[in-house]
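Colleague: I have a new model open and would like to go through the wording used for it. Could you take me through the terms one by one?

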Amino acid sequence: MKLRLVKMLYFLLIFSFLPLCASGQITIENPLKYDTFDKLIDAFINFIFWVGMALAPIMVLIAGFNLMTAAGDPKKVDTAKKILLYTAVGLAIILMAKGLIGILNQVLGVKPPPT
């Protein structure tokens, strides 16, 4: 019984503020600095691109360190080669994806909105 009363009061509280929201007296500020969904997606893609570009040299250094400290252990040498291969493949995918977006925008005639 008490739970039902709490639920009823909760819904009454919510529905009492709906007319205020509908009349425009309560506004919700945009917490993001981007006005459109396109700008938000573009910022997210740029963030992933730059994180990948920063991690690639670090992974190459880790692979080189593993290779130098392998001391002839074939398992560690194989691990270092795999790290280097996966880093190269990941970097190529990141660069091709960024370039592919630019090419598709140019082919389709998409013009960036004025800033």
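Modeller: Gladly! Let's start with threonine 87, which lies in helix α3; helices are DSSP runs of H or I with at least four residues, strands are E runs of at least two, and both are numbered from the N terminus. This is a predicted model, in which local features need pLDDT of at least 70, side-chain atom pairs count only at pLDDT 80 or more, and totals for chains, interfaces and linings use all residues. Residues are numbered from 1 along each chain as its sequence is written, and side-chain values use heavy atoms, leaving out hydrogens and water.

Colleague: Why is threonine 87 called buried?

Modeller: Buried means under 20% relative accessible area, exposed means over 50%, and partly exposed lies in between (1.4 Å probe, protein chains only). Threonine 87 has 11%, so the residue counts as buried.

Colleague: Which residues does threonine 87 touch?

Modeller: Leaving aside residues up to four places away in sequence, threonine 87 touches Ala56, Met59 and Val60. A contact here means heavy atoms within 4.5 Å.

Colleague: And what makes alanine 71 exposed?

Modeller: Its relative accessibility is 78%, so alanine 71 counts as exposed. Alanine 71 sits in the loop between α2 and α3, and its phi is near 55°, a positive value in a residue other than glycine.

Colleague: How do you know that α2 and α3 are roughly antiparallel?

Modeller: Two packed helices are described by the angle between their axes and the distance between the axes. Here the axes of α2 (residues 37-68) and α3 (residues 74-108) come within 9 Å and cross at roughly 160°. The axes are lines fitted to C-alpha atoms, for helices over the stretch in contact, with angles from 0 to 180 degrees between N-to-C directions. Under 35 degrees counts as roughly parallel, over 145 as roughly antiparallel, 65 to 115 as roughly perpendicular and the rest as oblique. The two helices are therefore roughly antiparallel.

Colleague: Which residues make that contact?

Modeller: Among them are Phe49, Ala56 and Met59 of α2, together with Ile83, Thr87 and Leu91 of α3. By class, the contact has 17 nonpolar, four polar and one charged residues. Ala, Val, Leu, Ile, Met, Phe, Trp, Tyr, Cys and Pro count as nonpolar, Asp, Glu, Lys and Arg as charged, and the others, Gly among them, as polar.

Colleague: What does the whole chain look like in these terms?

Modeller: The protein chain has three helices and zero strands, in the order α-α-α. Of its 115 residues, 9% count as buried.
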